[in-house]
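Good morning, and thank you for coming. I shall present one structure today, and I ask you to keep the display in view as I speak.

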Amino acid sequence: MRVKKMIGIIVAAHGEMSKGLIETSRMIVGHAENMTTVDLLEGEGPESLRDKLKKAVESLDSGEGVIVLLDLYGGTPSNVSALLVRELNIEVVSGVNLPMLLEIIVKRASKNLKELRQVAMYAGKEGIRSVNEIVEKIESEIKEGP
Amino acid sequence: MKHLSEIKQTVRLLNKVGLHARPAAMFVQAANGFKSEIKVEKKGKEVDAKSILGILSLAAEYNDEVTIKANGEDAEDAIRKLVDLVNSKFGEE
């Protein structure tokens with residue numbers, strides 16, 4: 001795979017989640033380059049995981065580094081990543097969700113790898129809203145009048 | 001100081017999907033290339049042009065008018081680039 005000079009994105013999650021998130025992101029913002037999945041299998045050992053992750057990072061690293069978006073903090077994938085942060089040019093953020101992934105996709109061309117850490121964490125949280133609260137707020141603003 | 005250097009321009013979205021999907025991603029990516037603070041406004045609702053979540057929440061459709069506002073040292077360049085992008089229908093049609 002010819003790698004363009006841009007920060008790579010890895011979505012590492014259990015089951016179908018990685019593929020699912022990436023497919024959905026493609027529906028929303030179109031195809032994104034230098035992006036791949038690492039699928040975490042049930043009960044997968046740390047050695048095999050380390051190998052998979054390392055290979056994925058190396059396949060995407062064009063010199064700008066790679067951001068790894070994990071589903072969960074703690075557990076084997078998270079621990080394996082922690083050991084790799086000193087070895088590879090990666091930023092690892094857990095709790096991947098669609099808002100996080102979308103924002104990373106559109107911002108990676110204009111930020112460096114370390115800055116993407118904050119982008120990921122902020123966007124992931126920003127996307128979590130209560131629609132009910134918003135409706136209630138609008139209704140109470142209408143009641144109060146101009 | 002802030003308002004003195006704000007530049008804005010209103011454009012109409014004439015591409016099929018408006019500010020959604022790939023055009024939205026192109027718009028946000030382009031906005032992120034500038035230092036200025038950039039906002040997009042539609043019917044009184046203003047969002048950060050550098051955030052895909054913000055732009056998508058605007059729900060700007062085909063034929064909608066939006067106002068692009070930029071504030072900062074490269075505000076003129078930003079407005080020009082983003083207006084061109086919209087007027088060229090994001091190079092898609």
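In strand β3 of chain B, B:K45 is the bridge partner of B:K42. Helices (H or I, at least four residues) and strands (E, at least two) are DSSP runs, numbered from the N terminus. Please note that this is a predicted model, in which local features need pLDDT of at least 70 and side-chain atom pairs count only at pLDDT 80 or more, while totals for chains, interfaces and linings use all residues. Residues are numbered from 1 along each chain as its sequence is written, and chains are lettered from A and ligands numbered from 1 in the order in which they are written.

Strand β2 of chain B, residues 37-42, pairs with β3(B) in the antiparallel sense over four bridges; two strands pair if DSSP finds at least two bridges between them. Both belong to an open sheet of four strands in chain B, with the order β1-β4-β2-β3 and antiparallel pairing. Its edge strands, each pairing on one side only, are β1 (6-12) and β3 (45-48) of chain B. On average, neighbouring strands of this sheet are turned by 25° against each other, direction ignored. Axes here are lines fitted to C-alpha atoms, for helices over the stretch in contact, and angles run from 0 to 180 degrees between N-to-C directions.

What packs on this sheet? Helix α3 of chain B, residues 75-87, does, touching β1, β2 and β4 (65-71) of chain B, and its direction makes about 5° with that of β1(B). Contact means that the C-beta atoms of two residues, placed from the backbone, lie within 7 Å.

I turn to chain A. Here an open sheet of four strands has the order β2-β1-β3-β4, with parallel pairing. The edge strands, β2 (35-40) and β4 (90-94) of chain A, each pair on one side only. From one strand to the next, the twist averages 20°. Strand β1 of chain A, residues 8-14, runs parallel to β2(A) and is joined to it by six bridges. A:L40 in β2(A) stands opposite A:H14. Helix α3(A) lies across β1, β2, β3 (66-70) and β4 of chain A, and runs at about 160° to β3(A).

Finally, helix α2 (residues 46-60) and helix α3 (residues 75-84) of chain A pack at an angle of about 60°, with their axes 10 Å apart. The contact is made by A:P46, A:L49, A:R50, A:L53 and A:K54 of α2(A) and by A:T76, A:P77, A:V80, A:S81 and A:L84 of α3(A).
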